[in-house]
Every structure is written in structure tokens, then in C-alpha cells.
Amino acid sequence: MRLDAHLDVLRWKGGGRFRGTWRFLSRMRRLMAQRRKAGRWDEPIGLLTHHLDHDEATWLFLERFLATFRVTARRQLTRETAVELKAFSA
């Protein structure tokens, strides 16, 4: 079994930063439309995050996004755990 990453919350051109709500949700809508047209309703959409690179805008978006959409497989990641992980990896 394999789970691909389809959505990246950051854009990397010019350095990692939040992709933006409109761009992210537009990409998600296209992915959902592809699944609907193909009859693949249960096919997962993989969300790629880079918690050590998140800025305030990214964290705020993810908090709203994850509270709104059903997420079945995720690691509980908060700003606090990201800081702890960053300190641990330093």
C-alpha cells in the first residue's frame, strides 16, 4: 500500500513560505474533481507538510483546514511539538 503526497502547503520558489489559501484550495478542488469524474471517491489525497519551515500564516491555515476537513491519518502536530522537534534535531 502506498500514499502519495498531492498537496504541499508551502511553495518553494524564492524560499519556503505558505502557498496561500486560494492556491492550496484550488489545487485541492481539482484533485477532488478528478476523483469524482473517475469514480474514485475513497482515494486519499496526501497532504505534505514541512513543520519545521512553517510560518505563522501556514500554522493558522492548517489549524482551520484540519478542523474543517475530515482527516483520517495524521500525526498530531502543533506549533509546540514542532518547536520541540526542532530543538531536538538541532
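Predicted model: local features only at pLDDT ≥ 70, side-chain atom pairs only at ≥ 80, totals over all residues.
Residues are numbered from 1 along each chain as its sequence is written, and side-chain values use heavy atoms, without hydrogens and water. Local features need pLDDT of at least 70, side-chain atom pairs count only at pLDDT 80 or more, and totals for chains, interfaces and linings use all residues.

Reader: How many residues make up the largest nonpolar core?
Author: A nonpolar core is a set of buried Ala, Val, Leu, Ile, Met, Phe, Trp, Tyr and Cys residues joined through side-chain atoms within 4.5 Å. Buried means under 20% relative accessible area, exposed over 50%, partly exposed in between (1.4 Å probe, protein chains only). The largest such core includes Leu7, Phe18 and Phe65, and its count is ten.

Reader: Which residues does leucine 31 touch, not counting residues up to four places away in sequence?
Author: Touching is contact, meaning heavy atoms within 4.5 Å. Leucine 31 belongs to the largest nonpolar core. Beyond those sequence neighbours, leucine 31 touches His6, Leu7 and Ile45.

Reader: Which residues are linked in a network of salt bridges?
Author: A salt bridge is a side-chain nitrogen of Lys or Arg within 4 Å of a carboxyl oxygen of Asp or Glu. Arginine 35 meets glutamate 43 at 3.3 Å, N to O. Arginine 40 meets glutamate 43 at 2.5 Å, N to O. The network links Arg35, Arg40 and Glu43.

Reader: Is arginine 35 buried or exposed?
Author: Arginine 35 has 5% relative accessibility.
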